Amino acid sequence: MIGPVETFQVEAKEHLAALENALLELEDAPSNIDYIDQAFRSMHTIKGAGGMFGFADLTEFTHHLESALEKARNGQIVIDVDFISVLLDSRDHMGALLDNTSFTAEQKIASEELLKRLYAIVPAGSLTHEYDANSQKEINQEKTSNHVFRILFSPDEDSFRNGFDVAPILRELASFGETIVTTKTAKLPSLKEINPESCYLAWDVCLITQHSRNTIEDTFMFVMDDWEIHIEEIDLDDNDDNSDRLGELLVSRGLITTDQLNDALNKHTELGQILSSEGLIDSDDIKAALAEQQVTRQMKGKIVTQDIDSNIRVPASRLDSLMNLVGELVIVQARLNQIANQHDIEDITAISEELDLLTTQMRDETFNIRMLPIGATFGRFRRLVRDLSKELEKKINLVTIGAETELDKMVLDKLGDPLVHLIRNSIDHGIETIEERINKSKPETGTITLSAQHADSQVIIRIQDDGKGLDVNAIRNKALEKNLITEDEKLSDSEIHMLIFEPGFSTAEKVSDISGRGVGMDVVRRSIQELGGKISIDSIPGEGTSFVIRLPMTLAIIEGLMVRVGAEYYVLPLSAVEECIEMFSDQQAFANKRLVTLRGAQIPYLSLREYFQVEGERPPIQQVVITHVNDEYFGFCVDEVIGQYQTVIKRLGKLYEGVTGFSGATILGDGSVAMILEPQALMDAATVENA
Amino acid sequence: MSDYVAKTDIAARTLLAPDAINIYNIGEVLTLFLHSKIEPLLVLDLLNTVEIDTTGMQLLLAFQHHCVEQQCQLKLCNVSESVEQTMQLFQCTFERLATESNEMDYSV
């Protein structure tokens, strides 16, 4: 389980991503106040929470940026490329500061240099004096009418030990408006028993503010899961006269019963005094209720309870564990189904069918929990495009389409690096310089389009540029030079394009920091394949290049083709399967050549029976499953093709980590194991064996 | 655990010493003394307490409760501006000693 500080670090990184996005948007639309507000909110949250967790240097550094942004908001400084650049660099620096609660020597120097750059744009003197509650209030204000909130919160007992401090929260609430704070001490033990590291207090805050409930909830963002927090908005439009009476308030808070209220009222003394002296209620509770009564009387309203819309942050490993358990459940369900069918008992069949439905729903829901929109990954590339285009003195616009398209978290995590490389390539080699584009009568600004869309159970990601396109002759010459092809080899343009994915291939005349080392594209293809996907290229000279990546939506489930060899069952990934052909006994006579003829073409194949040394007689007619991997066709000879099979992948244990040719296993309805084959690895193994 | 908590912890425990008439000067953080025989009064001298966080605030409130139970007065002295602001933030009030000085005379 991750601790509160780690949670803060994770969430702060999300805010930094949002901040980067807002700054990039702001660069394109400097007059749009919404982007300043977005950037401000992200900074403000990091600063507030950072202070709470002891990241004092981060807090102070962020404060300077926040103040500069405020100047920009007020129109006192011009939002230009230099200003955005220093804020973006500062944002990166904030990311580095998240690793430690205080500056390292290098970070101190970096901070000073960044502030120096900032001061060059915004005079230092004008930045430092304005951090007080009133300025914060003004900046954050959402211009709406006043609301009254009652905020109850009880930190858990370990809060102080975990480094939480309540003061920054009260300070933040005070920055939103007027507060009446009651510290509830009912659980405070005697001095003899007190452990100063344990938290025994709770708070009841009445807040009059122009802010929305969401803003208040954001204050508690980092403690939402651990503290008891209750936020109520008092309805100021309700004219019920009883609503602001102390007795009604105490009953509505569940602190006393109606009977106790009536008994006390009959005594004709001050209600709070009676209840307190009779030990029915703590004096702090009376004080808090009186504070609210005072405010509501002023504001003429009453309390309306609202539910908190909360999210739960769960470590990805727990989702993996859940997925694994669901996988087990699916398998047990399949076995139950099989037994129910075998014994034909009506009651068991009915239960099995019902369970089948529930298991399927549960599996789908569990998959959905793991799905994340690709937009967050796309967001990373805006900065990449901005910085690289400036470095190369090119003008490039990044267009993203389908950011809401969802992919399994594990796929998304592994997709980032290949995409970075493809985009770097497009910027470095694809998009021309401004002069070149003008000479070609193209717009000065090049465009890179990053799009994602669902197609069946796959996600198609396209990286498209309107640059110069791939130079077929240059690729061919380089391939000849590297002995990747021979002079007499006749290749289509599309086959030549795919040569750029060969290891060590690069047509760049000079190696740059950005790309052109000739190792990236090979790694890109391998990474995509490891994700069970494919990459292809579509390029038109002078018009641009498109890289098309097809990925499975999840790695936890596989759409496979089940085959049988003797008594063994195997699953081939359906994404690699092109077609199945029959191989008759007369063709098997040439089996030692390990080639099968398909529409005139000779295709190598691997006999799974031989490779896995499966015992038993070959059937008179065998099947060859033709797969297409890395632009190569390869067959797998099996006894029988059973059919399409969707299953949850069970990873092989650590004991089998070194075994190649399998990506996992699945358990069939009868309890037997079917191995999931990895065509590329088997092809490589077969090629080595043949050699 | 911060030094602050460690020291206030000592402060809390020292208060429980049976010889309560004595003056306790706790490290550089908190000095407290109890005039229990002459006048039931507990003075918390915050001379060396530059600032307090919520743990410190909780401890002050614990002293306040203790004094209510023991029917003795609680007064603070040498409250720094920062401590004052924290008290205002929590909207907690404590009585102050009329004269405050850097050279407190603890003699009875």
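Strands are DSSP runs of E with at least two residues, numbered from the N terminus. With that in hand, select Tyr656(A), which sits in the loop between strand S20 (640–648) and strand S21 (662–667) of chain A. One thing to keep in mind throughout: this is a predicted model.

**Stop 1: a nonpolar patch**

Stay on Tyr656(A). Its relative accessibility is 46%, so Tyr656(A) counts as partly exposed. Together with Tyr656(A), they make a nonpolar surface patch of about 340 Å².

**Stop 2: a negative patch**

Which residues form a negative surface patch? Select Glu487(A), Asp488(A), Glu489(A), Glu495(A), Asp631(A), Glu632(A) and Asp684(A) to see it. Then centre on Asp631(A). This residue is in the loop between strand S18 (622–629) and strand S19 (632–638) of chain A. Asp631(A) has a relative accessible area of 43%, so it is partly exposed.

**Stop 3: two loops with positive phi**

Select Arg599(A). It lies in the loop between strand S16 (595–598) and S17 of chain A. Arg599(A) is not a glycine, yet its phi is positive, at about 45°. Is Arg599(A) buried or exposed? Its relative accessible area is 68%, so Arg599(A) is exposed.

Move on to Gln613(A), in the loop between helix H23 (608–611) and S18 of chain A. Gln613(A) also is a residue other than glycine with a positive phi, near 55°. At 68% relative accessibility, Gln613(A) counts as exposed.

**Stop 4: buried residues**

Select Ser607(A), found in strand S17 (residues 601–607) of chain A. Its relative accessible area is 4%. The cut-off for buried is under 20%, so Ser607(A) is buried. Which residues does Ser607(A) contact, leaving aside its neighbours within four places in sequence? Show Arg618(A) and Cys637(A): these are the two.

Next, go to Gln680(A) in helix H24 (residues 679–690) of chain A. Gln680(A) has 17% relative accessibility, so it counts as buried.

**Stop 5: an enclosed helix**

Select helix H8 (residues 167–176) of chain A. Why is H8 described as largely enclosed by the rest of the structure? Eight of its ten residues are buried, so the rest of the structure largely encloses it. Colour the buried ones: Ala167(A), Pro168(A), Ile169(A), Leu170(A), Glu172(A), Leu173(A), Ser175(A) and Phe176(A).

**Stop 6: salt bridges**

Side chains of opposite charge can pair when their charged atoms come close. Over all chains, the count comes to 33 salt bridges. Here are some to look at.

Select Lys108(A) and Glu112(A). They form a salt bridge, with the closest N and O atoms 3.1 Å apart. Both belong to helix H5 (residues 105–121) of chain A; they are four residues apart, so about one helical turn separates them. An α-helix has 3.6 residues a turn, so residues three or four places apart point the same way. Lys108(A) is partly exposed at 42% relative accessibility. Glu112(A) is partly exposed at 44%.

Now select Asp92(A) and Arg91(A). Their salt bridge has its closest N and O atoms 2.7 Å apart. Asp92(A) is partly exposed, at 32% relative accessibility. Arg91(A) is buried, with a relative accessible area of 15%.

Then pick Arg161(A) and Asp158(A). Their side chains meet in a salt bridge of 2.9 Å, N to O. Arg161(A) counts as partly exposed at 35% relative accessibility. Asp158(A) counts as partly exposed, at 35%.

Finally, select Glu20(A), Glu27(A), Asp89(A), Arg91(A), Asp92(A), Arg117(A), Arg383(A), Arg386(A) and Asp387(A). Salt bridges that share partners join these residues into one network.

**Stop 7: chain B**

Chain B has 108 residues, and buried residues make up 51% of them. Take the contacts in chain B with a separation of 6 or more: residues 24 or more positions apart account for 51% of these. Chain B exposes about 5,600 Å², and carbon and sulfur atoms supply 49% of that.

Methods: Residues numbered from 1 in each chain as written. Chains lettered and ligands numbered in written order. Predicted model: local features only at pLDDT ≥ 70, side-chain atom pairs only at ≥ 80, totals over all residues. Heavy atoms only, no water. Patch = residues over 30% accessible without salt bridge, like charges linked within 9 Å, V, L, I, M, F, W, Y side chains within 5 Å. Areas by Shrake-Rupley, 256 points an atom, 1.4 Å probe, with all protein chains shown as cover. Salt bridge = Lys/Arg side-chain N within 4 Å of Asp/Glu carboxyl O. Lys, Arg positive; Asp, Glu negative; His and termini not counted. Charge placed at Lys NZ, Arg CZ, Asp CG, Glu CD. Buried < 20%, exposed > 50% of the residue type's maximum accessible area, 1.4 Å probe, protein only. Contact = heavy atoms within 4.5 Å.
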